[in-house]
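Please find below my comments on the model under review. They are set out as numbered points, for reading beside the sequence and the structure.

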Amino acid sequence: MSAVNSQDDEDTFKILVATDIHLGYLEKDPVRGNDTFVTFNEILDHAQKNEVDFILLGGDLFHDNKPSRKTVHSCLESLRKYCMGDRPVQFEILSDQAVNFHYSKFPWVNYQDENLNISIPVFSIHGNHDDPTGADSLCALDILSCAGLLNHFGRSTSVEKIDISPILLRKGRTKIALYGLGAIPDERLYRMFVNKQVTMLRPKEDEDSWFNLFVIHQNRSKHGATNYIPEQFLDDFIDLVVWGHEHECKIAPFRNEQQCFYVSQPGSSVVTSLSPGEAVKKHIGLLHVKGKIMKMEKITLETVRTFHIEDIVLADHPDLFHPDNPNVTQAVQAFCMEKVELMLDTAERERLGNPRQPEKPIIRLRVDYAGGFEPFSVHRFSQKYMHRVANPKDIIHFFRHREQKEKKDIDLNFGKLVSRPAEGTTLRVEDLVKQYFQTAEKKVQLSLLTERGMGEAVQEFVDKEEKDAIEELVKFQLEKTQRFLKERRTDAVEEKIDEEVRKFRESRKKNTEEEDKEVREAMIRARAHRSEGDALVAASSDEDSMDIERMGISNPSDGLSSTLSRGRGRARGRARGARGQNSTARGSSRRGRGTTSQESASGSRSSKPVSVPGKNMSILDVFRSSKTDHSSNSFQSYSEDIIDIDSDPEDTSFVPSSKINQRLPATSSHSKRGSQSQASRGIEYESDEDDPFMSSAISRRAK
C-alpha cells in the first residue's frame with residue numbers, strides 16, 4: 001500500500017480525475033455567475049499541489065456548446081496559470097498519436113510540442129454539452145487543443161462503426177491503456193452496442209500487463225428502454241471506468257461483479273439542477289496506479305456553494321394543517337419559513353471555512369400540496385430571503401404527487417409537457433415531438449417524414465441553433481421520396497402516390513441506420529448553409545466598406561463624423577438593404593447547392609437530375625410536372641448514392657480483444673496488424689482487507 005501512496009515512486013501514476021465542470025453555467029447571474037470558474041481553479045490548484053502526472057476530465061468542461069468569450073477567456077487563463085511550467089513530465093506515450101488525435105491539426109500530445117512548456121497535461125473527452133457541431137464539426141475543446149492547452153481524445157464521427165484506440169502511457173514499469181469515448185446520443189450508442197459495432201482495440205503485445213482505464217460520458221441510470229448504456233455492454237478486460245454525465249458524486253470505485261471491473265462516478269463540481277443528487281458533497285479523485293494496483297483518494301471541493309434540499313408533504317401533518325381551515329395558507333407559509341430557517345442554520349454550520357467558498361447557500365424546499373391545499377405566493381415569500389440565499393426565486397417549489405392514471409389511453413397534452421416538466425426529470429424535445437405525432441389525430445400526423453427524423457431535427461434546432469435543420473430535412477426527404485416514386489414508375493394518381501409514400505415511410509422507419517444517415521446528411525447541409533450565409537453577410541459588409549471608400553473617405557469613422565447625419569442614415573439603410581439581399585441570395589444558394597449535389601450523385605448518367613421543388617408545390621404537383629420531362633429509361637437509370645463523409649480509413653497498430661473478435665466478421669481481420677492470442681485477461685490485485693479496491697486473485701470470466 002505504501003508503494004501506491006508514495007508521491008516519489010517512479011512507477012506510480014498520479015492522475016487527477018474530474019467530470020462535468022460546466023464552465024459558464026449561470027455566468028450572467030449576479031450571485032452565482034463565478035461559481036464554476038472558482039471551483040475550476042481549485043481543481044487545477046489541487047493538481048498542481050499534488051504534482052500529478054496528468055489531469056483526466058470526463059466531459060462537459062463547458063456548459064454551453066458555444067461558450068461565451070468570458071467563459072473561454074477564463075478557461076484559457078486558468079489552464080495557462082496552473083498547467084504550464086518547467087516541471088518535467090515523467091511519463092511517455094507509446095501509441096501512434098496520429099491515430100489517437102487523427103482529427104486534430106496537431107496530432108500529438110501537447111507536452112511534446114517543442115514550442116510549448118507544459119508541466120501538467122490535460123486529457124479530456126467531450127460531453128453532451130460541449131460536443132462537436134457546425135459545418136466543420138468543431139467544439140470548444142478543439143479550440144483549447146489548437147492552443148496547446150488540452151488534449152482532446154475519444155472522438156468518433158462514424159455512425160456505422162466505432163473503433164476505440166487507446167492512448168498507451170508508460171511511467172517506469174507501469175503501463176496504462178487510456179480509452180475514451182465522447183458523448184454520443186444514448187439511443188444510437190445503445191443500438192451500436194447491441195449490433196456489435198463498438199470495438200475496443202487492445203495492444204498486441206503483453207495485453208495483460210496494461211492497466212485499462214476507460215472514460216465515458218453517457219447516461220448510467222436507466223432513463224428509458226434504450227436511453228442509457230448498461231455497464232454490461234462494456235468489455236470485461238477493463239480495470240476502471242470513469243463515468244461522466246451523471247452529476248451525483250459516487251467517486252468511490254464500485255465493483256461490477258458481472259464484468260469484474262470498477263466504476264467511479266465523480267459527479268459534477270457545480271450544482272446545475274435543484275435535485276437531491278446534486279446535494280451530495282462534491283469531490284474529485286486522486287487516482288494512484290502502480291502496475292495492476294489502483295487506489296482512489298477522495299478530495300473534497302471546498303469552494304462549491306452549499307446546497308440543501310428538503311421535501312414537505314402537507315397531507316402528512318393533519319394535526320397542523322386542515323384544508324377546511326380558512327387560515328391554512330398562512331399556517332403553511334409560517335411552517336415553510338421555519339423549515340427554511342433551519343436549513344440556513346445547517347448550511348452555516350457546514351461551511352468549510354475556505355475564504356473562496358461563496359457565503360450564500362442554495363436552498364430548495366419542495367412542498368407537496370396534494371389533498372385540497374392551495375399554494376401561497378412564492379414571489380412574496382422569496383423577497384424575505386433576497387440577501388440570504390443564492391436562489392431566492394427558486395427557493396420554494398410546489399408540486400402535487402401524481403396518482404396512478406386510471407386510463408391507459410389518454411391523449412397527450414403537448415403544452416403541459418412543455419410548460420410543466422416533472423421535478424428532477426428531463427424532457428427532451430426529441431421525445432416530445434415523437435410522442436406528439438404518435439398520439440396526434442390522423443389529419444395532423446406525418447405522412448412523409450418519420451417521427452424520429454423530425455424529432456432529431458427539432459432537437460438540433462433547439463440545442464445547436466441550427467435554423468435550417470428542419471427545412472433541410474424536409475427538403476432532403478422530399479427529394480428522396482420523389483426519386484423513389486420515379487423509380488417505381490407510379491401513376492400520377494393521388495391515391496396510388498399516397499400509398500407508395502406510406503410504404504416508403506414505413507420502410508425507412510424500420511431501417512434506423514439508414515434514417516440516421518439521412519438526418520446526418522440533412523444536418524451537414526444545414527450547417528454548410530449557415531456557414532455560407534455567414535460568408536455572404538461578411539461579403540456584404542465588405543461591399544459597404546468599399547462603397548464608403550469610393551466616396552473618398554479613407555477612415556469611415558472620421559469621414560462619417562464630418563458628414564451630415566442624414567448621410568450616415570443612408571449608409572445604414574444601404575447596409576440593411578445588403579443584408580436583406582443576402583437572405584435572398586442565401587436561399588438561392590441553397591437551391592443551387594441541392595441541384596449540384598444531385599448532379600454529383602448522378603455522375604455521367606444521361607438522365608437529368610431531379611430539380612428541387614418550390615416551397616408551394618406538393619409531391620403530386622412535382623411528380624406530375626416532372627413525369628412529362630423524363631422517359632422511362634431515365635427512371636431506371638437514376639439511383640441513390642449515399643456517401644458517408646465522416647468514415648475514416650482504419651489504420652491502427654492494435655488488435656481487438658477476443659470478445660470483440662467474436663463480433664467482427666472474418667473479412668475485417670486483415671485491416672489490423674498482427675494477431676492476438678486468446679490468453680486469459682486475469683488481473684491480480686494485492687490483497688488488503690482495509691482497502692475495498694484491492695481484492696485477491698480476481699479471476700476474469702471466460703469469454
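Which residue in S5 does Ser 124 stand opposite? The first point gives the answer.

1. Ser 124 stands opposite His 152 in S5. Strand S4 (residues 122-124) and S5 run parallel and are joined by two bridges. Strands here are DSSP runs of E with at least two residues, and helices are runs of H or I with at least four, both numbered from the N terminus. Two strands pair if DSSP finds at least two bridges between them.

2. Basis of the note. The model is predicted: local features need pLDDT of at least 70, side-chain atom pairs count only at pLDDT 80 or more, and totals for chains, interfaces and linings use all residues. Residues are numbered from 1 along each chain as its sequence is written, and side-chain values use heavy atoms, with hydrogens and water left out.

3. The sheet. Six strands make up an open sheet of mixed pairing, in the order S5-S4-S2-S1-S14-S15. Its edges are strand S5 (151-152) and strand S15 (293-300), each of which pairs on one side only.

4. Aromatic pairs. Rings of Phe, Tyr and Trp (its six-membered ring) pair if their centres lie within 6.5 Å; planes under 30 degrees apart count as stacked, over 60 as edge-to-face and the rest as tilted. The count by this rule is 16 pairs. Phe 54 and Phe 123 form an edge-to-face pair, at 5.3 Å centre to centre with 80° between the planes. Because Phe 54 lies in strand S2 (residues 54-57) and Phe 123 in strand S4, the pair ties together parts that are 69 residues apart in sequence. Both Phe 54 and Phe 123 are buried (under 20% relative accessible area, 1.4 Å probe, protein chains only). Ring pairs also link these two with Phe 13, Phe 91, Tyr 111 and Phe 153 in a cluster.

5. Nonpolar cores. A nonpolar core is a set of buried Ala, Val, Leu, Ile, Met, Phe, Trp, Tyr and Cys residues joined through side-chain atoms within 4.5 Å. The largest has 31 residues, and Ile 55, Leu 61 and Leu 79 have the most contacts inside it. Strand S1 (12-18), helix H2 (35-49), S2, helix H3 (69-83), helix H5 (140-146) and strand S14 (283-290) each supply at least two of its residues; H2 gives the most, with five. Apart from this core lies another, of 28 residues, including Ile 15 and Val 242.

How values were computed. Buried < 20%, exposed > 50% of the residue type's maximum accessible area, 1.4 Å probe, protein only.
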